[in-house]
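Visitor: Could you take me through one part of this model at close range, and then show me what else is worth a look around it? I would enjoy a connected tour.

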Amino acid sequence: MKPKLLFGDRRYIGQDVNLEQIISDLKEKRNFIHSISVNDLLDYFDNVVRYWQESKALDKVFFSKNLVDFFKRSNLESSLKLALRGDVRVLDTFCDLGESKFLYHAQPRGLIVQWLAGNVPILGLFSILTSTITKNVCIAKASSKGYHDLIFMLETLSRVKTKKVDGSKISETIAVVLIDNSDRESHEILSKNADVRVAWGGEEAIKIIEGLPKTSYCEDIIFGPKYSYAAVDNEILSVGLTSIARSLAVDVSVFDQYACSSPHTVFVQETKKVSAIQFAKELAKQLEFVNSRLLPKGRVDPAKAYEIISLRNEYAISGQVLCPRSTDWTVIYTKDKGLAHGSSSRVVVVKPLNDLTKLRQFNDRQKQTLGVAMSKKNKLSLLDEITLYGIDRCPDIGYMTFYESPWDGMFVFDRLVRWITMHK
Amino acid sequence: MTLSEVLKLEPFSLSDSAKEKLLTPLVHEMARWHYKNSFEFKRICKTYEFNVHSNFLISNLPFLPVSLFKKFDLLSVPKKDIIRTLFSSSTSGHPSKIYLDRTTSNNQIVALQRILMNFFGNVRRHFIIFDSEETVKSADGTLTSRNTAIRGLLGLAKKIDFILDKDLNFDFQKIEKIFSGIKKNDYVCFFGFTWLVYNLFRDYQRDESLRVLFRKLKSSDKFFLHIGGWKKLQDLEISGDQFNKMIGGVVGVPTSRVVDFYGMTEQLGTVYLDCREGFKHVPIYSDLIIRDMESTLPSSLGETGLMQFISPIPKSYPGISILSEDIGRIIGVDNCGCKRLGKYFVFEKRADFAEVRGCGDTIKI
């Protein structure tokens, strides 16, 4: 299969394309995107969010609240400001950042090449638009599965026009292509032309992308395979059993645990009144509620269904299993030490753990999100030590799968720019 | 009726409803046995709130996935009563371990022989095995799936010959010698593992020497029986028809007599062979339920799903209700063109992963 254009130059959409031509066309748009002020871009994205809300476009995609929260001006501007050393205007001109000798300017790196994963299709939208707000042009290789939501959302860009920014012109700075995984030649073309390579994916995919030839000046941003889990302390447990279980049920059910930020294990610091098994029972109740009322589970493939049934039987012997007859969700209670295997598809393992400082031993760079339901005092006193060797985020339970900046321990906006200095 | 009495009946002689009446009390009895004697089986029943002492329907019996036999030593009799341990073939590196006592082993052999005789006639055949003699040797009472299957055939055989050397290549001299001793009215059955047979024959597709050699065999009543390894052939995109034509063409057996044989180490004895119509039949010694992959409820006739096999034969291990990793479909009940009664089905494929791996690919913890 030859590379196919899914989004970009309207003349070629759905057709086999010459990648080098697409890349050359995108590079020509660098001046255009560079000429737009960051203020106008923020304004444009705020209007895009408004369009999404008013046109009901968000009804058609999953996880829309996160999209709105992230791209509305108030959040985008503050995230950008934080990542760019306190002043978003560095994207437009040289700015005084409070240092005595220099003025600073953040120039776009150029062509951002992205390899998107299919497990969470909408993550690609965050990734692509992050390139746009930093005034880069971008070409993304979509996953062969689940790209429809992404393209649908990208198509909304051209329907928004502000006084200063024409969305259809913004669209021309982005291309999304479908390339066969075995088409190494095309992947090499993408890689060799990249100023930044952004790779989302599992271990195997990441290794392949890392092995593609690139220029010496190309920056790599790797969003590789990650594991996430949650912890509940006894102070919060004693006052909020139902609400924590409900929030965790949502975190488990969103993306069916296929996101890197989805929890697979939850450690519970028991109280005299609430045990871990009671928490497991409440979580089971809430997973059923979420499945029947909020986020019905999609189809599972046969091997996954079989794996779930196998796990249930395995833990029926060595622990306790709470589940419906269907494979919709599964809560496993066990006293086994450590993190449970992440099987996904709404299988969550509850374990008692009285000393939460022991969480530290589970963490390395492969661990991403630790969802917490902890008192403020515990957060401040424990999380520094717990996250020394790993864990990039400690959001409250209920917000585990929300994309935010920084992500995977990186201020991605910052990684997409080159810093230029000038003597005052 | 006791299990011994049922095993004396012809395997496809009862309608499905008559079979159910016969099988249900036997399954009740054996489920209660395992509940009493297997800690693991009892835990599973309790997890699914299944009352083993009730007058339950067979379709409500909890099922044990084959993977459980890879992770646990499942026994329902004292270990001292075990006479043989079977190991399944394994692509994962962890084979199933099946512990057999004398009762279970004998009943499995009776069931196997009754089913095979139904297909191949009540005659002892000369079995020509596409394997090496080394395969059936067991020094310590443990058996692999290959030697288990071959040993199961011994009781049906007038004679057995192996035609591969220890490196699993054809021993041409030996084959010539064996063939020269076979007469026209001798009954012959070739037997081999599907993937092994395919690998052997693939190399001779354009080489006439093997075809010429097999044409020297004088027997006029031949079958080719093959078992297992479909996953490997699926990877190579070889269909059952293609396989049968390829093999039949070389060894001189009509494709209608090239018979695929489906069975599980976890329920040895109850095997499922292709009839002349191309369907596999469920004998009165077992039952098949197709499970919907999402709801796990029994599927309707004609729908595909995971295959659950129920048999009252396993006594030394809790293997009476096994969920296989394979996907199948029941084609009909009591009305197959081959006149065998009971359910008949097709094996479709191994359950494959279709899920998308991405940054949520948690790899191994």
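Predicted model: local features only at pLDDT ≥ 70, side-chain atom pairs only at ≥ 80, totals over all residues.

Guide: Happy to! Helix α3 (residues 38–54) of chain A and helix α5 (residues 73–83) of chain A have axes that come within 9 Å and cross at roughly 145°. The crossing of α3(A) and α5(A) is right-handed. On the α3(A) side, the contact is made by A:L42, A:F45 and A:D46, while α5(A) brings A:R73, A:L76 and A:E77. Sorted by class, that gives three nonpolar and three charged residues, with no polar ones.

From there, step over to chain B and the side of it that touches chain A. The contact between the chains draws 43 residues from chain A and 33 from chain B. On chain B, α3 (39–47), β1 (64–65), α4 (68–71) and β14 (321–333) each supply at least two residues. Of the contributors on this side, α3(B) gives the most, with four residues. By class, the side of chain B that touches chain A has 17 nonpolar, seven polar and nine charged residues.

The largest nonpolar core has 148 residues, and A:V232, A:V266, A:F279, A:L283, A:V331 and A:V350 touch the most other members. Helix α11 (residues 234–253) of chain A provides the largest share of this core, eight residues. Another core, of 81 residues, lies apart from the largest one, and its members include A:F7, A:I23, A:V48 and A:I112.

Definitions and conventions:
Residues numbered from 1 in each chain as written. Chains lettered and ligands numbered in written order. Core = buried A, V, L, I, M, F, W, Y, C linked by C-beta atoms within 7 Å. Buried ≥ 20, exposed ≤ 12 C-beta atoms within 10 Å, placed from the backbone. Contact = placed C-beta atoms within 7 Å. Nonpolar A, V, L, I, M, F, W, Y, C, P; charged D, E, K, R; others polar. Axes fitted to C-alpha atoms, helices over the stretch in contact; angles between N-to-C directions. Left-handed = near helix turned anticlockwise from the far one by under 90°.
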